[in-house]
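Visitor: I have the sequence and the structure here and would like to go through them with you. Can we take it one topic at a time?
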Amino acid sequence: MAKEKSYQEINEKIKKGEAVVLTAEEVAQLAKTCTPEEIVEKVDVVTTATFGAMCSSGVFINFGHADPPIRMEKIRLNGVPAYGGLAAVDTYLGATSVNSNNPEYGGAHVMQELIEGKDIILEAWGKGTDCYPRKHIRTVINKNTINEMILFNPRNAYQNYNVAVNTTSKIKYTYMGTLLPNMRNATYSTAGELSPLINDPEFKTIGVGTRIFIGGTTGYVAWPGTQFHTTKPKDENGVPITNAATLAVIGNMKEMSSAFLQAAYYEKYGVSLFVGIGIPIPVLNVEIAKRVSINNSQITTTVLDYGSPGQPKLGYVTYEQLRSGEIEVNGQKVRTAPVASLAKARTIAALLKEMIEKGDFLLQEPIQMFPTGTSLKGLAEIEITE
Amino acid sequence: MNIVKRRIILRFPPQSGDKPLSYVLVKDYDIRINILKAEVMPGKRGSLLLEMEARQSNLDKGIAYLEAHNVECQPLDKRIQFNSDKCISCGNCTAVCFAGALTMNQVTWKMEFNKELCVACELCVKACPLRLFDIDFRDGN
Ligand code: SF4
Ligand code: SF4
């Protein structure tokens, strides 16, 4: 009878400081000499991590009420527009929102500066109502003056992602980095065998309520991420070979550190936010042991031409090939470069491992599993007759 | 003998395009030259990024010769400034650096900058999402 462990058993071990925790890279190494059955016996938790630019990120903020109070309907933070359609002094600041006078400065930069304790200029306007008479306010806020700042990212931690190349004769500036003409480089962003959703491709342990490391603190998986796609083509290991599922994540931004949440600006594209996420996977049974044992040579992704309309598919490569520094596309040797930080992802996986070993981080069983059989809709252009 | 290597940007006036300046540098002053980058448009101002290797005295004479022919010479040794403290090792800059000055360490996956190999192409300036590279126009030496 194959061994089965429960969350409770693993958490008891963590509390006693007896849990065996490995990073996903370490377990991929171990799997070269151990069977999945042996791995279930030996290992309790595997830590996975990623540190990449995740544009679909942002923060809910509550500023507190001024005297006299204002119902904020138009809001600027260091000149960056934040959402003015929430109740009086709540807002959502998206990472990609930018200051129109300085498009290289955006929501992600404001978020980073808030985390670092810097002062931010808040300017807001309202129409003035009987209960909120004030029409304008210009003041300074920082993380100690505001009530809450709750990071809520609707689409993070992509399960696998494409490789980008550019077959045209012109340089292309994209969120996948600077793509040189005539396929003179190829960029990739996934942390391969360390990447969270690649180690649990069918979401047996990651679901709503999973406790995670986010931006330097403890947070949660809030929901399946937007564009959650579970029916993309998969390889023989059951791992999607292109970008597929995603996570919506939440955490207290007041506790975060700019070492794990970093603003970025991509030339001719815009502002984005590097987000550090770590997810522990409990090794409950042989099936999960097999999943976390996966290594870079077994993970495939799709090469897309970001230079041409429709981003045509040019082939498939493994993460082992990508990491070697060179891949072959259409018979041409192409130099590769990452655009997400494996070094930082490793730091996160090691930190999370240490937190669990010390008993500072317990595993939370999902309170609701993710949906299956999901796909994506496009956006149709429908003629509007009035 | 003290052989020195210098990177120098040469800016040519519009009418000098057909003078065999580099031939003189090699033949008369014994300077080994390596063209790292060229932007020469007929009839317009052109610029060349050269690596020159020679004895210091010959190098000085060669530069004096160029300047006598209305070619501006700007040494380039301190051109790209890198703010390494803030680097997150994302790798974006390595995608564009064909000189091999910016590379990912294959073991640690940290980004490494070897200034010696930099040809000042400036592609990394825009490629770094944290804007950690700056062009420094001060003369180096
Ligand atoms: S300026 Fe060009 S050669 Fe120098 S480091 Fe940057 S990309 Fe490399
Ligand atoms: S692009 Fe910038 S942050 Fe990224 S590795 Fe290069 S220098 Fe470091």
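Visitor: To start, which side chain does E25(A) meet in a salt bridge?
Guide: This is a predicted model. In it, the side chain of E25(A) pairs with that of R346(A), at 2.8 Å from N to O.

Visitor: How many salt bridges over all chains?
Guide: The search of the whole structure gives 17.

Visitor: And how many across the interface of chain B and chain A?
Guide: The rule finds 3 there. One of the salt bridges joins the side chains of K126(B) and E267(A), at 4.0 Å from N to O.

Visitor: Which element of chain B gives the largest share of the side that touches chain A?
Guide: Helix α3 (residues 123-127) of chain B, with 3 residues. By class, that side of chain B holds 14 nonpolar, 6 polar and 3 charged residues.

Visitor: What about polar contacts between chain B and chain A?
Guide: The count is 11 residue pairs, both residues at pLDDT 80 or more.

Visitor: How many residues are in contact on each side, and what area is buried?
Guide: Chain B brings 23 residues into contact with 31 residues of chain A. About 2000 Å² is buried between the two chains, and carbon and sulfur atoms give 57% of this area.

Visitor: Which three residues supply more of chain B's buried area than any other three?
Guide: I88(B), F98(B) and W109(B), which supply 29% of the area that chain B buries against chain A.

Visitor: Switching to chain B by itself. What domains is it divided into?
Guide: Domain 1 covers 3-77 and domain 2 covers 80-135. The contact takes 5 residues from domain 1 of chain B and 7 residues from domain 2 of chain B. Taken over C-alpha atoms, the centres of the two domains are 27 Å apart.

Visitor: What do those two domains bury between them?
Guide: About 390 Å², with 48% of it on carbon and sulfur atoms. On the side of domain 1 of chain B that touches domain 2 of chain B, the residues are 3 nonpolar, no polar and 2 charged.

Visitor: Ligands next. What surrounds ligand 1?
Guide: Its surroundings come from chain B, including C97(B), C118(B), C121(B) and C124(B), along with I80(B), F113(B) and E122(B). By class, the shell around ligand 1 has 11 nonpolar, no polar and 1 charged residues.

Visitor: And which residues come nearest to ligand 2?
Guide: Of the 13 residues around ligand 2, the nearest are C87(B), C90(B), G91(B), C93(B) and C128(B). The shell around ligand 2 divides into 10 nonpolar, 3 polar and no charged residues.

Visitor: Back to chain A, and its backbone. Which residues does a cis peptide bond join?
Guide: D67(A) and P68(A), with omega about -5°. P68(A) sits in the loop between β3 (58-62) and β4 (74-77) of chain A.

Visitor: What is phi of Q227(A)?
Guide: Phi is near 55°, a positive value in a residue other than glycine. Q227(A) is placed in the loop between β17 (217-224) and β18 (247-252) of chain A.

Technical notes
Residues numbered from 1 in each chain as written. Chains lettered and ligands numbered in written order. Predicted model: local features only at pLDDT ≥ 70, side-chain atom pairs only at ≥ 80, totals over all residues. Heavy atoms only, no water. Domains from an automatic or database assignment. Contact = heavy atoms within 4.5 Å. Buried area = accessible area lost by both parts, 1.4 Å probe. Nonpolar A, V, L, I, M, F, W, Y, C, P; charged D, E, K, R; others polar. Polar contact = N/O pair within 3.5 Å; in protein donor to acceptor, adjacent residues only side chain to side chain. Helix = DSSP H or I, 4+ residues; strand = E, 2+ residues; numbered from the N terminus. Near = heavy atom within 4 Å.
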